[in-house]
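Student: Could you walk me through reading some features of a protein model?
Tutor: Gladly; let us look together.

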Amino acid sequence: MDPSDQKLFTVVDFVIFGVLLAASLGIGLYHALSGGRQRTTQEFLMADRSMKCLPVSLSLIASFQSAVAIIGVPAEIYTHGTQYWFIGCAYILGLLIPAHVFIPILYRLRLSSAYQYLELRFSKPVRICGTLTFIFQMVIYMGVCVYTPAFALNAVTGFELWGTVLATGLVCTLYTTIGGLKAVIWTDVFQTLVMFAGQLAVIVVGVQKTGGVSEVWRKVWEGNRISALDLNPDPTERHTFWTLGVGGVFLMLSLYGVNQAQVQRYLSARTEKDAVRSCYMVFPSLQLALALSCVMGLVMFACYCGEDHSSKLGTASRDAMVISFVMDMLQGLPGLPGLFIACLFSAALSTISSAFNSLATVTMEDLIKPHFPAMTEARATLLSKALAMSYGLLCLAMAYLTHLMGDSVLQVALKIFGMVGGPILGLFCLGIFFPWANSTGALAGLGAGLAVAFWVGIGSIVTRSSGTKSRAQHGVACFPTVRFYSLSYMWYSAFNCSTVILIGLIISFLTGPMKAEDVTPGTVYPLLGKLLCFLPERHKKKLCGVTPQVQTVRSRAAPRIVKLLVFPNNFWDSPTFLFFTRGTSTECILVSGVVAFAL
């Protein structure tokens, strides 16, 4: 089989692909016309906080399992073997920690934007800086997500590349704008099923055409594509168990712990228990998605025996070989090529729509509403929809920048999350785990983290393009700085997160640690208190965190004793919240300020 032969869609393929787009638009239209018809920001941005754990969990998978993973992971396995598969080990802590630390804190505060936490914990400038950093990260990442499936459709249909990019962006923008978060989540559910079906179809047909499971195993074993456990501690090694299993934990935390696209799904759940349960349900599904992508790469290797067909495809990208392989395997089977391209577009649409909705949310809640507190609900909802549409159009421009990058789409995507997501993770960890960290330390830490991130990231690009690595391999002296630029991209998130925490703590101590009574109750997780459980209680309170300001009063409505928690007046210029706790339920009223909510 010759990968250079162009394989085009049949009528059946176009029908299946068209059904995918029509179904996605239909779900958006349904939610635009049902329920509250997206007339409030609470419904449009937060799905009325009414979602059950199953659709939330499938939506969490779809947001992460983008077209980047479906194309990038098989290309990685084909080229370098199964070492990347060890990133599955990082999924354990990468999901357990959000489930038991981040979700309870953020959910109980009843936030719409994760970055509202930063104002509660630190100050408004920290919140704004965190929001702008997230917007920068997601706008760049959207370009990768839009470009990848458009590139695939161009390869198999002959459609103009940029016409395909435009179609992808517009379809996604439309159903996100009219249907809100409910439409995004339910299209994610549908698209997740399409993703799994498309990958499974390629694997089954590929194994059959290659000669069966035993033949595939023989070829990948003889081709040295089954990687052993690599315990090399060198952080400049691209993929080892430590870079994937440990560095991957920080990457997962930046995705599933503090990324607004994921946090917004937790916050849309009916209860905290549903939010935590949805995080647990993600684990087996992510492992399945990873396994399907890795097996697809092995089948591809068994089929092509490791040959490099990139020159025949007119590109140096191994990502193009994945598309060629799919069309080789599925040629003569009407409908299956369309199913796989629909799979790619499903992954892309789910990720992009999540980004649009989360970007609209943080822009509205963090940058606009605080300055226009008197804005009517109707106007706020209309503006939220306009923001979602604007970000949709912006991502089309970012797709062009992706076209100019030389790395594989998988590596580009993970670099983006490491370089920008790492500092954001560090900012949240600084606030959650270190009660004495102050606002000045948080701003200094974030600035230092971003500076180091771009220093290392850009330095690695420059040194690679100038051939420094090649000179080192030929015996030319390699300076320590150059070696620093060779840091594995899987360590970016951990390194940048640690930089934020270290600088943040140093500056906090130099400028005066935050006092316990100044920390908003409910914003700190007593990590050190749990680790130092052997200390007397009075010492733990000094070292390890703060406790809510609790007063015991007798409720007029019920004879039982209730607890009164008074939050300090440092949130949005203002509000004081009274929490009345009866048994296991909690009620909240607003004494002064502009916002009220119930837990």
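**The cap and its helix**

Tutor: Asn259 caps the N-terminal end of helix H12, with a side-chain oxygen 3.0 Å from the backbone nitrogen of Ala261. Helices are DSSP runs of H or I with at least four residues, numbered from the N terminus. This is a predicted model, where local features need pLDDT of at least 70 and side-chain atom pairs pLDDT 80 or more, while totals for chains, interfaces and linings use all residues. Residues are numbered from 1 along each chain as its sequence is written, and side-chain values use heavy atoms, leaving out hydrogens and water.

Student: Is H12 mostly covered or uncovered?

Tutor: Buried means under 20% relative accessible area, exposed over 50%, and partly exposed in between (1.4 Å probe, protein chains only). H12 spans residues 260-268 and is mostly covered, with 9 of its 9 residues buried. Among them are Gln260, Arg265 and Tyr266.

Student: Which residues does Thr243 touch beyond four places away in sequence?

Tutor: A contact means heavy atoms within 4.5 Å. Thr243 sits in helix H10 (residues 241-245) and touches Glu237, Arg238, Gly248, Ser488, Met490 and Trp491. Thr243 counts as buried because its relative accessible area is 0%.

Student: Where does Gly338 lie?

Tutor: Gly338 belongs to helix H15 (residues 336-368). With a relative accessibility of 0%, Gly338 is buried.

Student: How should I read a nonpolar core, and which residues have the most contacts inside the largest one?

Tutor: In soluble globular proteins, nonpolar side chains tend to be buried together. A core is a set of buried Ala, Val, Leu, Ile, Met, Phe, Trp, Tyr and Cys residues joined through side-chain atoms within 4.5 Å. The largest one here has 147 residues, and those with the most contacts inside it are Phe102, Tyr117, Tyr256, Phe325, Phe340 and Phe428. Helix H13 (residues 272-304) gives the most to this core, with 17 residues. Apart from it lies another core of 6 residues, including Met364 and Ala388.

Student: What is Tyr117 in contact with, leaving aside neighbours within four places in sequence?

Tutor: The partners of Tyr117 include Ile105, Leu106, Phe428 and Thr523.

Student: Where is Ile92 placed?

Tutor: Ile92 is in helix H5, which covers residues 90-108. Ile92 counts as partly exposed because its relative accessibility is 41%.

How values were computed
Helix = DSSP H or I, 4+ residues; strand = E, 2+ residues; numbered from the N terminus. Polar contact = N/O pair within 3.5 Å; in protein donor to acceptor, adjacent residues only side chain to side chain.
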